Amino acid sequence: MAALSVGALLVPTTASADPATPAPVGPVSADRLQRAVAQSSHVVFLVHTTDTHSGLRSAIAGAGSAHLAVRHRFPAQHLFSVEVTRSAAAATRARLAALPGVASVETSAPRFFSGTPDDPRFGSQSAYLDAIAAPAAWSRQHGSASVRIAVVDSGIDVGHPDLAGKVVATYDARTGGTDITDTLGHGTFVAGVAAAATDNGVGIAGAGYDTTLLGAKIAAPDGSITIDDEVAGIRWAVAHGASVINLSLGGPVASAAERSAVAYAQSKGVLVVAAAGNDADSTLQYPGAYPGVVSVGAIDTTARSRADFSTYGSWVTLAAPGVNLVSTTPLAGSDFFSSTTGYGQGDGTSFASPLVAGEAALLRAENPTMSLAALRHALVASAHGYTGLGLGAGQVDFALALRHVPPTSRPTAIAAVGTAGAIRLTARTTAPRVAFRVDGHLVATAAAIGGTATATWPSFGYANGPHTLQALDCTEFGECAATSAASPFPVENSAPVVTSPAPGRTVTGRFLVSGAHPGGGGVALLVDGRLAGFDSRAPYGFAVNGSVLTRGAHSLQLRLCDTTRTRCASPSSPVQPVSVVALHPSIAGLSPITVSPNADGRQDAATLTFTLPDAENVTIDTIDRYGRVVARNPLGYLTSGRRTFVWRARAAGGRTLPDGRYSLAVTSRRSVDGAELRGWASRVGIVDTRAPRLTSITGNRTLFYPRPDRFRDLFSPHVTLDGRARLSLTIRTPAGSWVRTISVSRGAGPTYISWNGIDRHGHFVPAGRYLWEFRATDSGGNSVHTPQFLVTVSARRLVTVAQDLTLNGAAALEAGGTDPACASARTARSAFPHGVLLSNACADNGYDLAFADYVFTLPSAVRFGNVAIRAYGHSRMHPSELTASVQRSDGGLEVPRYITISSGLDRWYTIATIPAAGHVTPQRQMFIALVLDSLYRGRNDFDVKYAQLHFTYTTLR
């Protein structure tokens, strides 16, 4: 990471981390605004605390320095902000972070307006307003003065004839006052797009029509924005009744304080709408990319395409016109709009965003009680077009969005006609659809025809007795009101009846039970009170295996259910007694369960093993999944004992059965005292003739290090199986000699097998190249294998090495002081030939520094361990206090600790030991600064002969 030395501290020059170099504003440069931020002499810190920080406030005040000022306090958010001079920023941040009760210190990320106006001119709005069906929506909904859009921006010209009377409250977050004079013009333009007075014979039409405005000014006169002012504006807007907050600003760096403020607004039911940005790429922009925020990209309605400047990506929610928009500008002129006509033209997602804010205000007026989730859903569900352009759901549609707003009405005259079977549900309504619920559960929805919605509800499975019918008005798309109308009604279904066998009849073997119910529904069979079968429609029939029941009396009963057996609380038939006398053949096993009758010698047939308790006439039936007997094999009379049958998966006529599941049934007969008794036993067999499929194979040409040091010890090639199989990984030498095979059982989906470099004898294989392949064999014996691939085994392994990197004191990248009159770093005054003397005799304020910056380049390594920061030298005016600042990989800074130099003798001093992780850049560099600040009493100095890093690292050897 490139870095710029500021004082004794290294700060990144990337736009994502340094407020001094913000990201571009949009398609037309806003260089003046960017230069203003870059040249700012102050830095704002956001201090996150663990409590309401009353004690911290006094601690900060105790610093007693003109370099620092508290800007905002947000006790409920456990946050306050301070402003410090840029020269004192590093030391102040370190001191703040060290205070008890401080959780973190965040630098205010830059925020810029996302609008880039062209030369001011007044033009027609109709092209883009018609494209988003705004006039069509206005014919239905004009909005409401009770719905407020908060424009958190650069201010508003409240005296503009198209905005006069529309702004109901104002707030300047920078001063705490109410003057929101807009010298930039950006906020005035945004306000006009969102809610300029409409149908007043003056100027333009605002998207929100009769919606009112809240004006929160957060921008400085030079156009710069700090996060704490934005947070203050958001919280003020919530406190003053905002329904929608529009944030036509953004930046590529997230902020915990900003995220928390947005979440606070959302928790209060306020919709936050934000510009997606004008960077013409997919970089996330904040606040637009925070969860729940409606992030708005821009489209060019004339070209029917995404605006060429618009940011895009999967995080963008939807889009609105952002090219050649016409809106209000300050009458006194402004930095963005030089015209004093009061109107201008502009491009940007800044101006697409308030169109959506105005749309949301219309929806909120349509249903003031709708939830935030329902409001956001209506915006997104109604957007359409512009697919594949990274603009979320597409272009907004005002008129269609209104049709997605849940009604505020309730049906009337709701009724349940009938008490049994299919009950007719009716309701009078003014809505397009009605949702019917019974006892709180949705049972049907119906379109309204002629003001009446009718649905049929099958009451099977519900208990007889009183129930509650509810009806809710819904949109044509199914979004329903929060409140319903209700009416009680009874359910009185009759019980099903057992039609056979007759009561008290003797049954044998596998016997059939049939039943009836005049109204339909599903019917469950209970044998001795336990579920034994289910039939979803008449005629109801069940096969019961009497061979698994004991000899003697048993009970049958039918229970009315719904057709899915989800509910079975309806009445049951009377208990029907039967007497069971049956034979009892049993099946000991089927091996293998799966056969593959393809004459390849692997599992072409299966053996069914069964036992007869006495001599019986036996037939083996093969039954398909539809209950049809597809093969019958009579075995004749067999004596008692264990018997086997070879199942070759052949149908009548000898053809091979199709792949699938089959039941192999042992049916037996035997006459006893003139009565024929029967027996039944079955087992499922599977026919599978298709080999598994192996896809998505990875791992070819992998290099790994099979030594147990936790660094790439395993070779783990991946593959995807289309079904359960025995998966094997076989390793061979290039000459074809077998090394090892590893087999596992795996189900369908992605999987892998790991090899640790050990052969079949338990020894590590020599380094070199090896061949490998996968083989999959399913339960039917069908097998498939992949081509052979390569893997390379390395004999290298990890070793841990300790090393010192030492620089002469004078080898600093930069050395000096923030106040040359009292803080310095001089090589000429050092007692060492190549040293540097750090000296700080500034006033006891903690904000002036003497420093020496060093860059260490570390060796190549797999990973680094801890790093000790050390310095060799002495203090002339001992005791003194020395510290170091360390740049993190993410650009932040750390000040580990201060140490006291209490001796004038030359020696090594260990300032701190820190983990290398998070501090070493991708270029293997560490940026360290030795620092003397002015908080230590008296003169502070240290003569540096060497700066050193002592560290451990792990590498391959």
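**Confidence first**

Tutor: This is a predicted model. The chain averages a pLDDT of 88, and 92% of the residues score at least 70.

Student: Which elements have the lowest and the highest mean pLDDT?

Tutor: Strand S2, residues 9-12, has the lowest, at 20. Strand S12, residues 244-247, has the highest, at 98.

Student: Where is the pLDDT below 50?

Tutor: Over residues 1-39, for one. That stretch has 97 contacts in the model beyond near neighbours in sequence. Residues 114-123 are also below 50. There the count is 51 contacts beyond near neighbours in sequence.

Student: OK, sheets. What is the strand order in the open sheet of three strands?

Tutor: S35-S37-S40, with antiparallel pairing. The edge strands are S35 (586-591) and S40 (641-647), each pairing on one side only. Neighbouring strands are turned by 20° against each other on average, direction ignored.

Student: How many bridges join S35 and S37?

Tutor: Five, in the antiparallel sense, with S37 spanning residues 606-612. Leu590 has Leu608 in S37 as its bridge partner.

Student: Switching to aromatics. How many pairs are there?

Tutor: The count comes to 21 aromatic pairs. Take Tyr171 and Trp236: their ring centres are 5.4 Å apart and their planes are at 15°, so the pair is stacked.

Student: Which parts does that pair tie together?

Tutor: Strand S10 (residues 167-172), which holds Tyr171, and helix H7 (residues 227-239), which holds Trp236. Those parts are 65 residues apart in sequence.

Student: Is Tyr171 buried or exposed? What about Trp236, buried or exposed?

Tutor: Tyr171 is buried, at a relative accessible area of 16%. Trp236 is buried too, at 11%.

Student: Which residues are in the cluster linked by ring pairs?

Tutor: Phe704, Phe715, Trp755, Tyr770, Trp772, Phe774 and Phe789.

Student: Last one. What sits over the ring of Tyr312?

Tutor: The charged end of Arg306, 4.0 Å from the ring centre. Arg565 lies over the face of Phe534, at 6.0 Å from the ring centre.

How values were computed: Residues are numbered from 1 along each chain as its sequence is written. This is a predicted model: local features need pLDDT of at least 70, side-chain atom pairs count only at pLDDT 80 or more; totals for chains, interfaces and linings use all residues. Side-chain values use heavy atoms; hydrogens and water are left out. pLDDT is the predictor's confidence in each residue, from 0 to 100. Helices (H or I, at least four residues) and strands (E, at least two) are DSSP runs, numbered from the N terminus. Contact means heavy atoms within 4.5 Å. Two strands pair if DSSP finds at least two bridges between them. Axes are lines fitted to C-alpha atoms, for helices over the stretch in contact, and angles run from 0 to 180 degrees between N-to-C directions. Rings of Phe, Tyr and Trp (its six-membered ring) pair if their centres lie within 6.5 Å; planes under 30 degrees apart count as stacked, over 60 as edge-to-face and the rest as tilted. Buried means under 20% relative accessible area, exposed over 50%, partly exposed in between (1.4 Å probe, protein chains only). A charge sits over a ring if NZ of Lys or CZ of Arg is within 6 Å of the ring centre and within 35 degrees of the ring normal.
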